[in-house]
Amino acid sequence: MKYIFPLAVVIALAVIAWIGSAILGLQDLFGIVVPYAALFLFVSGFCWRVLYWARSPVPFKIPTTCGQGYSMPWVKRDKLEAPVSTGEVLGRMFLEVFLFRSLWRNTKTSIKPGPVLSYKSTRWLWFFGILFHYSMLLVVLRHLRLFLEPVPFVISALDSLDGVSLHLTPELSMYVTDALILLGLLALLLRRFTLRPVRYISLANDYFPLFLLIGIVSSGITMRYFLRTGVDIVAIKQLALGLTTFKPVLPADIAPIFYVHLFLVSSLLAYFPFSKLMHMGGVFLSPTRNMANDSRMRRYVNPWNPDIKPHSYASYEDEFRADMIEQGIPVEKELPQG
Amino acid sequence: MYDSGKIIPGLLIFVLLITLPIWYNNLSNAGQVKTPEPPDKGMLMGFTFANGQEHPSAAEMRAKHMEHLKIFHANAVAKLAEQKDKKMPTMSCMMCHGSKEQFCDSCHATISEKKVPDCWECHQKP
């Protein structure tokens, strides 16, 4: 039942934007003020969060190793699972950031008749995760055609690559990623609904981003393919360019569905730095991934160790010589005469 | 702060990427945003086609011009099949709406809309 509240919040956000733009006539609020505020919150919140993490000391060398570490030359070692050099760490990080490598090893534990305990690798989470994240990346890059003037060649090329253009029925032409992102999101949501252990640990803040993204994607798809009336894309580009050049102009008569889409995106941006979505920056700052497993080669000093000065016996005796002689303790050097 | 030599440049690159539209647009055209001129309102008001059908409103044309063009095209093809002399009909949109550059490309280029059917592979550009 933990999904009821986040679902209600997303629906409420959509309704607020619809009522605000269609009935109350608050287009300038939803079209100009809210996007600016959301972008400000996103950028400043993101930087604050990363700098907050950067200020936290890591007391120990704590890379997670899941393979044979560096030992004797004849022992075959696992360079990616127990990296010892910066290059190997970079390789591990690259595969983690771009291919979500650790999800590849997501295992499912089960007891088979016998009884035999078995660990089976389940890659559905990895598959739908990849599907969602790369579709999201392409969708965001495609949207740059509405934000950049002139449109760079790369963006328009991406746009044509992503689109299935049907010659005879142009109205059925669609973007591949529009379908894939929805498929990925629905599968990730279904995973939280159907797998009992996952459902048990799912919280409201796990469901909220999923519902919010589904809301954004479905409002975008609705706007592009179904409720086209009043969605003048040239006017929308005018609004976007006005926002980016800090001379906002609000074209009249943009349909409420556009403001719903924009408000949900603004909500996502504003919510981003304060949520689990910060794994976008956090993946780079995970000590268990970005540290080298070289604690037996290089000394790692805890950054909060107190600064203890060495205190030799000679300096100790210099400090207490008079007292030591008085107490009859033998000393190496007598008190200076006179 | 720890590892500031790596974190600060990384964060800086991220912020530059996120704010790409802001500095790109301000550098590329110094805030001068070119928008296509809206079609002449007088042209659309109360215009009726030869068959007595009224011209749809500008908003509807912007949203659904492809659907209208498709119906238009299908009708024209059907009419051509019935015709005895097989004389190609001329595209009537362009009779009022000027050139392809002004009437099609101005919007399609602005938003870099690539999903256009290949009208101009058969029809001559006016």
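# Reading the labels on a two-chain model

Chain B has 6 helices and 0 strands, where helices (H or I, at least four residues) and strands (E, at least two) are DSSP runs numbered from the N terminus. The model is predicted: local features need pLDDT of at least 70, side-chain atom pairs count only at pLDDT 80 or more, and totals for chains, interfaces and linings use all residues. Residues are numbered from 1 along each chain as its sequence is written, while chains are lettered from A and ligands numbered from 1 in the order in which they are written.

User: What makes α2(A) roughly antiparallel to α1(B)?

Analyst: The axes of α2(A) and α1(B), residues 4-18 of chain B, cross at roughly 170° and come within 11 Å. Axes are lines fitted to C-alpha atoms, for helices over the stretch in contact, and angles run from 0 to 180 degrees between N-to-C directions. Angles under 35 degrees count as roughly parallel, over 145 as roughly antiparallel, 65 to 115 as roughly perpendicular and the rest as oblique. The crossing angle is roughly 170°, so α2(A) is roughly antiparallel to α1(B).

User: Which residues meet where α2(A) touches α1(B)?

Analyst: From α2(A) come A:Val43, A:Cys47, A:Val50 and A:Ala54; from α1(B) come B:Ser4, B:Ile7, B:Leu11, B:Val15 and B:Ile18. Two residues are in contact if their C-beta atoms, placed from the backbone, lie within 7 Å. This contact divides into 8 nonpolar, 1 polar and no charged residues. Ala, Val, Leu, Ile, Met, Phe, Trp, Tyr, Cys and Pro count as nonpolar, Asp, Glu, Lys and Arg as charged, and the others, Gly among them, as polar.

User: How many residues of chain A are in contact with chain B?

Analyst: 39 residues of chain A are in contact with 35 residues of chain B. On the chain A side, α9(A) gives the largest share, 6 residues. That side divides into 18 nonpolar, 11 polar and 10 charged residues.

User: Why is A:Leu103 called partly exposed?

Analyst: A residue is buried if 20 or more other C-beta atoms lie within 10 Å of its own, exposed if 12 or fewer, and partly exposed in between, with C-beta atoms placed from the backbone. A:Leu103 has 17 other C-beta atoms within 10 Å, so A:Leu103 is partly exposed. A:Leu103 lies in the loop between α3 and β1 of chain A and touches A:Leu125, A:Trp126 and A:Gly129, not counting residues up to four places away in sequence.

User: Why does B:Asp3 count as exposed?

Analyst: B:Asp3 has 12 C-beta neighbours inside 10 Å, and therefore counts as exposed. B:Asp3 sits in the segment before α1 of chain B. Its phi is positive, about 55°, although B:Asp3 is not a glycine.

User: What share of chain B is buried?

Analyst: Buried residues make up 4% of the 126 residues in chain B.

User: What makes up the largest nonpolar core?

Analyst: A nonpolar core is a set of buried Ala, Val, Leu, Ile, Met, Phe, Trp, Tyr and Cys residues joined through C-beta atoms within 7 Å. The largest one has 37 residues, and those with the most contacts inside it are A:Leu212, A:Phe263 and A:Leu264. Its largest share, 10 residues, comes from α10(A). A:Leu264 touches residues including A:Leu13, A:Leu212 and A:Ile216, not counting residues up to four places away in sequence.
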